[in-house]
Amino acid sequence: MKIVDVVLLSTLLSVASASHQWYHYNNDFYVYYGCLSALGKSATFCKKGNVGKCVCTNENALGSLLYCGYTSTKANNTGINKEISKGCVYYNVTDLTNSYYAEVYAKTLDTIVDVSNSTSFNKTEVVDYPVTSKKLKKLSHDFYISVRNRRGNIKTSHALGIAFVAASVFVMLASGVVNWSMRLSKGVSSSLDNALTRKTRKFFNLAIFRNHLHPTVLGFSPDVVETFWISIMFLYSILSCCIIGYKWYENDPSFTSYQTGTSRYWGDRSCILFSYQLPLLFLFPGRNNFFQWVTRWKYSRFVVYHKWLGRIVMMEVLIHSFAMASQTYGLHKNTRFHADWYRYGIVSTVCGCLASTVAIYAIRKHWYEIFLGAHVTLVVMFLWTGWKHTRSQLYEQFYWTCCAIWVFDRFIRLCRIALNGIHTATIEFFPGDDATIKVHVKKSKLYRNFTPGSHAFISFLSKNTFWQNHPFTAYESVTDPDTITFCCRVKKGVTRTIANKFKGSDAQSIQLKILVEGFYGEQSYYQQYDKSVFIAGNTGIVGPFSHIEKLVSSGSADRRIELYWGIRSYDALKWFGAELLSLKDKNVVPRVYISQPERSSINSSTDSTDSDHKNEEGDGILATEKKLSSPELETDLQQVLEFVEIIHGRMPVTEIIEAELKENTGTVAFGACAHTQVVDLVRMEIAKRLPSTCKRVDYFEEMQTW
Ligand SMILES: Cc1cc2nc3c(=O)[nH]c(=O)nc-3n(C[C@H](O)[C@H](O)[C@H](O)COP(=O)(O)OP(=O)(O)OC[C@H]3O[C@@H](n4cnc5c(N)ncnc54)[C@H](O)[C@@H]3O)c2cc1C
């Protein structure tokens with residue numbers, strides 16, 4: 001495990017240790033608290049100070065407390081003694097011992113006065129003897145139940161919070177054990193291949209709902225495994241918030257009405273539960289989240305859990321806020337509205353709600369940078385005001401933990417950028433259908449983190465783009481072993497801005513300073529399979545190509561590799577032709593499906609350009625169309641066209657999978673990175689056929705969206 005992971009793990013553990021302060025409520029505490037509260041309302045022993053302080057220095061007060069506590073439990077109960085000693089530490093009285101308590105109690109038995117029927121006893125006048133009474137006993141019982149309900153609820157809430165974190169960590173560790181074993185040993189993955197596991201994988205691991213990756217207005221839908229865990233998290237949280245387990249006691253001296261008692265229980269339960277969930281909420285979206293390494297899950301899966309845990313937390317924040325508002329109303333404590341801690345709580349709730357709202361898919365899709373900026377700002381506000389709100393309640397450690405996790409992740413990201421340094425990248429632009437830019441950058445120190453399929457976040461250091469960073473998948477350049485390359489499809493944001501730099505220029509390439517933050521991503525283990533089948537679309541070819549590069553350079557000669565690439569027009573061959581050619585004489589023959597060849601700005605014989613061709617990305621991108629006539633490019637394309645198998649039409653995913661599985665006698669790994677609907681289809685088709693395959697078949701989704 002990396003040092004980064006160790007530090008992050010210890011940060012998370014600190015939240016567990018921080019929780020120890022609130023977790024020590026036991027029956028002796030309730031008895032002590034009940035007796036002490038009742039004593040405070042029944043007699044006066046010290047001229048100054050409250051009864052809590054008085055029992056630490058006044059033997060009559062202490063004797064009365066011990067008498068009350070011991071008669072409710074057992075004589076010389078050291079548990080009660082311990083609670084009294086703990087309370088006195090607060091008043092700097094630290095020398096109370098069990099023998100001292102025994103001595104005071106023995107004396108008290110001789111001197112105690114039952115004031116139940118005394119007419120001369122006045123509870124506001126200082127007395128110099130220990131007291132007891134029926135009323136005191138009854139009151140101590142009422143306080144006992146009151147505090148048992150309230151603190152017991154807090155104790156249960158802590159237990160539920162700890163159980164949530166423990167269960168989450170357990171699931172991740174268990175998943176990590178399975179995934180690591182499969183990864184490290186071919187034997188394990190084969191031994192886990194039987195009728196039962198195939199059915200499980202078909203209906204659970206690989207199963208998806210409609211439009212899994214293809215977003216609807218509500219965004220991406222989690223797969224079945226994710227949905228299962230999200231449902232459990234939801235159910236657990238809802239049940240934990242709703243089944244309090246403590247009923248309001250009608251003689252409760254602290255909460256005198258049902259509303260004030262019950263709303264407090266709900267308020268405490270929900271806030272303690274989400275306090276434990278918060279560190280996980282901040283850990284999951286971190287790019288350096290060590291659980292990625294432990295579980296071998298994709299980053300996008302953690303993002304899914306982050307989103308849903310965020311919704312659960314917000315549900316609990318709202319329960320907490322409404323419950324406490326209800327209690328405030330019930331107590332007629334309007335003064336709370338003037339208290340800073342209360343106001344900070346309101347602001348924190350509003351910030352949390354807004355942070356969730358700006359994260360809706362429509363905003364992320366169309367205004368990603370606005371979403372990111374607003375989300376981060378609101379989350380900072382949520383944390384800061386939440387910390388201010390909870391500071392007086394000893395819950396602020398949770399907020400510090402979140403802060404530590406977040407700041408640490410950002411720090412590591414900065415370190416990665418700094419170690420990679422500022423690069424002068426060579427950027428090539430390939431106009432035409434599905435215009436693409438290629439970014440070539442020299443390998444840096446952090447290159448050793450690179451594994452096939454890794455991605456890095458790039459910041460283009462130009463005036464309008466330096467503040468953004470976007471993820472792109474990298475591969476080793478086929479022309480220069482010291483260079484890595486990114487292929488970025490031109491969309492409407494930063495990629496468009498970079499593409500527009502070529503507008504009105506004849507330049508084949510430009511130099512631009514960039515920052516590279518990476519490398520991230522877990523490598524799928526294709527090397528363990530007899531055959532690897534890659535299904536890619538457009539720039540989705542990059543990840544599979546990177547895997548193929550690795551497989552052909554290290555693999556045995558009899559390993560089979562199949563590559564299917566779906567593109568819209570011949571134009572894509574211009575920016576990836578050299579890479580395809582590099583596979584010549586290796587045991588891979590790429591099959592390229594061209595769905596709309598008529599849209600190409602070149603045709604299959606590379607002898608023409610289509611100047612009338614309309615590009616959906618706009619005129620600026622077509623500005624360098626004339627570059628296509630360069631003789632080198634024509635030669636390359638000619639060679640590519642001779643080498644690869646070109647098929648006009650859409651990629652027939654179902655037929656491909658059927659054929660690949662039919663003619664197969666060994667283990668097969670499928671990898672897909674294409675249009676979202678294609679990837680969903682690949683996954684469904686493989687899942688469908690799993691029970692009837694002759695050997696183990698696995699599927700690696702090389703595509704990530706968030
Ligand atoms: C792990 C990963 C690897 C990727 N690899 C490649 C690749 O090799 N080649 C390639 O062409 N594309 C790749 N992408 C997609 C690429 O990141 C986006 O196309 C790019 O960020 C769009 O930039 P833009 O500002 O031009 O897009 P816009 O037109 O502003 O947005 C287009 C889409 O990209 C999403 N997007 C924008 N910014 C980000 C961001 N910072 N992080 C995540 N999504 C964002 C938006 O939500 C929107 O759906 C990858 C994405 C991920 C998550």
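Predicted model: local features only at pLDDT ≥ 70, side-chain atom pairs only at ≥ 80, totals over all residues.

For the cut-offs, buried means under 20% relative accessible area, exposed means over 50%, and partly exposed is in between, with a 1.4 Å probe and protein chains only. Aspartate 110 is found in helix α6.

Residues are numbered from 1 along each chain as its sequence is written, and side-chain values use heavy atoms, with hydrogens and water left out.

Now the whole chain. The protein chain has 23 helices and 14 strands; helices (H or I, at least four residues) and strands (E, at least two) are DSSP runs, numbered from the N terminus. The C-alpha atoms fill a box of roughly 115 × 55 × 40 Å along the principal axes. The radius of gyration of the protein chain is 34 Å, whereas a compact globule of 706 residues would be near 27 Å. That radius is taken over C-alpha atoms, and the globule rule is 2.2 Å times the number of residues to the power 0.38. Of the 706 residues, 54% count as buried.

Next, domains, with bounds from an automatic or database domain assignment. The assignment gives domain 1 (27–132), domain 2 (153–414), domain 3 (419–520) and domain 4 (526–701). The centres of domain 1 and domain 2, taken over C-alpha atoms, are separated by 44 Å.

Let me zoom in on helix α4, residues 59–72. Its end C-alpha atoms are 19 Å apart, which agrees with the 20 Å that its 14 residues should span at 1.5 Å a residue; the expected span is 1.5 Å times one less than the number of residues. Helix α4 is mostly covered, with 11 of its 14 residues buried. Among them are Leu62, Leu65, Tyr67 and Cys68. The elements covering the buried residues include α2 (27–42), α5 (78–89) and α7 (134–184), where contact means heavy atoms within 4.5 Å. At the start of α4, a side-chain oxygen of asparagine 58 comes to within 2.8 Å of the backbone nitrogen of asparagine 60.

My other pick is helix α16, residues 368–390. Its 23 residues reach 32 Å from first C-alpha to last, close to the expected 33 Å. Its buried residues include Phe371, His375, Phe382 and His389. Among the elements covering them are α11 (258–283), α14 (340–357) and β6 (470–476).

Where does threonine 385 lie? Threonine 385 lies in helix α16. It counts as buried because its relative accessible area is 2%. Leaving out residues up to four places away in sequence, threonine 385 touches Tyr344, Val347 and Ser348.

Finally, the record. An unreviewed UniProt entry carries the annotation "transmembrane region" for several spans, including 308–329 and 370–387. Feature names are shortened, positions are in the numbering used here, and annotations may be inferred rather than shown by experiment. In the model, residues 370–387 are 100% helix and 0% strand, with end C-alpha atoms 25 Å apart.

How values were computed:
Polar contact = N/O pair within 3.5 Å; in protein donor to acceptor, adjacent residues only side chain to side chain.
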